[in-house]
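Dear colleague,

Please read them with the model open beside you.

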Amino acid sequence: MCGIVGYIGSGNVYEILIKGLHRLEYRGYDSAGIALVSPSGKLNVFKAKGKVENLESFCADKNLEASVGIAHTRWATHGEPSDVNAHPHFSEDGNLALVHNGTIENYKVLKDALMEHGCTFHSETDTEVLVQLIEFIKLKNDCELVDAVMEALKQVVGAYAIAVIEKNNPDTIIAARQSSPLVIGIGEDETFLASDATPFVEYTKDAVYLKDGEIAVIKRGEPLKLFNLDNSESKIDVKTLEMSISQLEKGGYPHFMLKEIFEQPSTLRDCIRGRVVEGGRKINITGVNDNKERFLNAKRIVIVACGTSWHAGLIGKYLIQSMCRIPVEVEYASEFRYSDPVLDKDDIVIAISQSGETADTLAAVKIARSMGAFVFGISNAVGSSIPRETDSGCYIHVGPEIGVASTKAFTGQVMVLTLLSLAVAQLKGTLEHEKIAEIGKHILKIPTLVERVLKLNNRIERLSLIYTYAHNFLYLGRGYSYPVALEGALKLKEISYIHAEGYPAAEMKHGPIALIDAEMPSVIIAPRDHLYEKIVSNVQQVKARGGSIIAIVTEGDSVIRNIADHVLDIPEMPECLTPIISTIPLQLLSYYIAINKGKNVDMPRNLAKSVTVE
Ligand code: M6R
């Protein structure tokens, strides 16, 4: 959570930083702030509660002349969203300004010690402790800023990506990372830093991803230098960014979420490309091919993830168990890490994370590796922490996802899990060649089928008007459609703030059925699969209690069509592929209900795209 950006160079510092903050706003939007050092060595800090646009209004009449600057968009952890708790924070003597993403766990101990030395604090944040500590060390040791930062970070327990600038030093930024992402963009005579590469992709494609424990010294006119906390110099590994600027813009859509929903035919095409070959008869997943023995000998697979990625993981369980005959457990990463897990070297842990930065999933990865398990990552963000910490893995290749509500990443994750299951089944011989070929052939058609389902857009927009003012929703599904129900409910609640519960349809009889009345719509995912007859009974049970029903059915369905109030048809396909298709009408339904309610779908309240705190 929180986005940080920094710039040193001859460009317009303020404009580059503000534009960068807008790109990073998906990471948090409780407050925003900027610190600028002018060529004459004056440090100005401007902050405002709320979105970046508030900061821009606040800055409109200010002197924004600068040679170097850092900026921050906040998702509050310590202290409420307010001007005073907004970053950048500065040291007591006003010499240093610092932005921070992460949490300082021992901030209380450090704060008490600094207060004993006469330091006063103005905010409730853990970040202010860090900047005061750096200044305290700098004054005490009469040392350079980089040495003070290094010394301070040795005393800090927690997660951080920081950038610090100094009054009277318009030529330097010091930055550091531990468990929170930070990437440096190297341009011609200019250097950028940011929580991800989106703020500088139009200026340079050369990026250096900082590793844990590294400190960057960015000086005007000098090559970048990286140090470890023990002062040894670290090697610089420049990567070329693949991202393009058009991926970061709305491209004519009113919201990123809608753009990302409609991108799914092409993102799925990108996800499949090169992985389904010979007309569908062969599945190629490099991470599986390179680790054949691991997958052949796996006794158990444990999937760890959070939120939408966890829902994809549940679908992964059904896929892997039925195709590969390997037992699978799916765990919330936040629970797994504290559950005293039992793992051994024959276990495979699959970590799923769109951002590749979710703190709990990253921690689960580290625990699993320390216990000797083979860890396979499924991620979207190239160069992010999880792909770097895992033994092997696979990118979903769906391009940057900006909307806080995950859509194209979910279908990409499910697609990769499907391909992985097929690749392992191919290796183990647990699925017949003909079956793999049949599924493979259908996978190649998925982008076109998604295009067909997206044609439901106008109908779903009209349908949404009927249900906008419901206070509660139930989402029901069985088998592969149960995680889809969970995902549909999550989409609705996170952007429209309507309470929604996803449930295995048969479990409904054990409690939730009591909730059903005319005021409580149920969305039932009921494609024609091996549980179809069963879900027909569940549909009837809801109807018998007076509940209204929106059903997702297979084209040509005539039974549920006669019971449900509204049906949305999806094309016929092998059962294991239905989640990718049946989730799309649910994404659109939640989008339109939230729009009807006037909600900000791309930046829903209290949420952030990347959850890098516990
Ligand atoms: O980046 P990750 O996939 O690790 O993120 C996990 C969750 O935070 C994320 O899926 C969240 O639940 C989304 N807002 C759901 O739309």
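Strand 6 (residues 96-104) contributes the most to the lining of the largest cavity, namely three residues, where strands (E, at least two residues) and helices (H or I, at least four) are DSSP runs numbered from the N terminus. This is a predicted model, in which local features need pLDDT of at least 70 and side-chain atom pairs count only at pLDDT 80 or more, while totals for chains, interfaces and linings use all residues. Residues are numbered from 1 along each chain as its sequence is written, and side-chain values use heavy atoms, with hydrogens and water left out.

The largest cavity has a volume of about 90 Å³, and 14 residues line it, with Cys 2, Thr 77, His 87, Gly 102 and Asp 126 the closest to its centre. On a 1 Å grid over the protein atoms alone, a cavity is a set of points where a 1.4 Å probe fits but cannot get out, a pocket is an open set with protein on both sides within 12 Å along at least five of seven lines, and lining residues have an atom within 4 Å of a point. A volume is the space filled by probe spheres set on the points, which are joined across faces, edges and corners.

The largest pocket has a volume of about 930 Å³; of the 44 residues that line it, Tyr 209, Met 243, Asn 380, Ala 381 and Val 382 lie nearest its centre.

The ligand takes up the space of the second largest pocket (a molecule sits in a pocket if more than half of its atoms lie within 2 Å of its grid points). This second largest pocket holds about 560 Å³ of space, and helix 10 gives the largest share of its lining, five residues.

Around the ligand there are 15 residues, the closest being Ser 309, Ser 353, Ser 355, Thr 358 and Glu 494, where a residue counts as near if one of its heavy atoms lies within 4 Å. Helix 10 (307-324) and helix 17 (481-496) each supply at least two residues of this shell.

As for polar contacts (pairs of N or O atoms within 3.5 Å; within protein, one must be able to donate a hydrogen and the other to accept it, and residues adjacent in sequence count only if both atoms are side-chain atoms), a polar side-chain atom of Ser 353 lies 2.6 Å from a ligand oxygen atom, and a polar backbone atom of Ser 406 is 2.8 Å from an oxygen atom of the ligand.

With best wishes
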